[in-house]
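The entries follow the order in which I looked things up.

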Amino acid sequence: MGSFNTSSREGFILMGFSDWSQLEPILFVFISVFYSLTIFGNTTIITLSLLEHQLHTPMYFFLRHLSFLDLCYTTSTVPQLLINLHGLDRTISYEGCVVQLFSSLALGSTECVLLVVMAFDRFAAVCHPLRYTAIMHPRLCQTLAIASWVGGCMNSLVQTGLMMAMPLCGLHLLNHFFCEMTVLLKLACEDTEGTETKMFVARAIILVVPAVLILGSYVYIVQTVLKVRSVAGRRKAFGTCGSHLLVVSLFYGSAIYTYLQPMHSYSESEGKFVALFYTIVTPMINPLIYTLRNKDVKGAVRKVLGRGRYLV
């Protein structure tokens, strides 16, 4: 298969799960089902939040952005993975790899910032309920959403630029199912310590800082809720924030494991299965987490279904 460098712009071969070839047919079925559920669940949330007036609130405005992010993030990797598992083609062009790397980093980084924005929304709702509508007015919500997207794209631009500036050599094999930063770094011809340090700082900023801000907001939220005398009031407040906190835990847990551990301790085999979790499982269960115990969403679903029966 030979060697290559960035000047030749040769493509890559994504090894995927070829080490466990006996699992590939099973993975193909499960991932196809999960991907279909991801599309259905997130599309449903986006549609409901647009159609139903009762869901035209800051919380569902940001949830709509999160669902769109999850759709895009999953679609940036899963179709390629399904093609690989089917055995049709395991190659990806250099340009395609760069696009995939940039888009996956941009969407993941945007979600990091958006989860902070959603934590701020919950903080305002619980800690300042009387001024909530004044604080979270539509213009601020739009500004925060745009800032999330811009911040995520800027972080991805920095990391992708650093990665693509490095000469690559050796066999053009990627032991992963998509163009992932930690795997690409192992193909570098030169010493990567300096570049890794810069990337680590960029990843720490986009992961650690938002995580600290989210934890800080929940400290104030818990303090406020504990002052509420009504048990029903406490339960409602914790229910409002519990869904978001669960999503944060799942997302940041897998992201920190993947991107903040030293390169020498990174296991490609474990990394692939962890990547399956944050590219497929998490986007699929996010809609379930936010809707299973949500009366507003259940009411919106009943209204839409009722309209459908009426039209029929």
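I began with H4 and H6, which pack at an angle of about 145° with their axes 7 Å apart. Helices here are DSSP runs (H or I, at least four residues), numbered from the N terminus. Axes are lines fitted to C-alpha atoms over the stretch in contact, and angles run from 0 to 180 degrees between N-to-C directions. I noted the crossing of H4 and H6 as right-handed. A crossing is right-handed if the near helix is turned clockwise from the far one by less than a right angle, and left-handed if anticlockwise. The residues of this contact divide into 18 nonpolar, eight polar and no charged. Ala, Val, Leu, Ile, Met, Phe, Trp, Tyr, Cys and Pro count as nonpolar, Asp, Glu, Lys and Arg as charged, and the others, Gly among them, as polar.

I checked where this comes from: it is a predicted model, in which local features need pLDDT of at least 70 and side-chain atom pairs count only at pLDDT 80 or more, while totals for chains, interfaces and linings use all residues. Residues are numbered from 1 along each chain as its sequence is written, and side-chain values use heavy atoms, with hydrogens and water left out.

Next I looked up H2 (residues 58-75) against H4 (residues 94-127); their axes come within 10 Å and cross at roughly 165°. H2 and H4 are therefore roughly antiparallel (the term is for angles over 145 degrees, and roughly parallel is for those under 35). H2 passes H4 in a left-handed crossing. Among the residues that meet are Phe62, Leu66 and Tyr73 in H2, and Leu107, Leu114 and Arg122 in H4. Contact means heavy atoms within 4.5 Å. I put this contact down as 12 nonpolar, four polar and four charged residues.

Then I turned to H2 and H6, whose axes come within 10 Å and cross at roughly 20°. That makes H2 roughly parallel to H6. The contact includes Phe61 and Phe68 of H2 and Leu144 and Trp149 of H6. Its residues divide into nine nonpolar, two polar and no charged.

Last, I asked how many cavities of 30 Å³ or more there are. The count is three. A cavity is a set of points on a 1 Å grid over the protein atoms alone where a 1.4 Å probe fits but cannot get out, and lining residues have an atom within 4 Å of a point. The largest cavity holds about 190 Å³ of space, a volume being the space filled by probe spheres set on the points. Of its 16 lining residues, Leu105, Gly108, Ser109, Ala255 and Tyr259 lie nearest its centre. H4 gives the largest share of that lining, five residues.

Methods
Helix = DSSP H or I, 4+ residues; strand = E, 2+ residues; numbered from the N terminus. Parallel < 35°, antiparallel > 145°, perpendicular 65-115°, else oblique. 1 Å grid on protein atoms, 1.4 Å probe; cavity = no way out; pocket = protein on both sides within 12 Å on 5 of 7 lines; lining within 4 Å.
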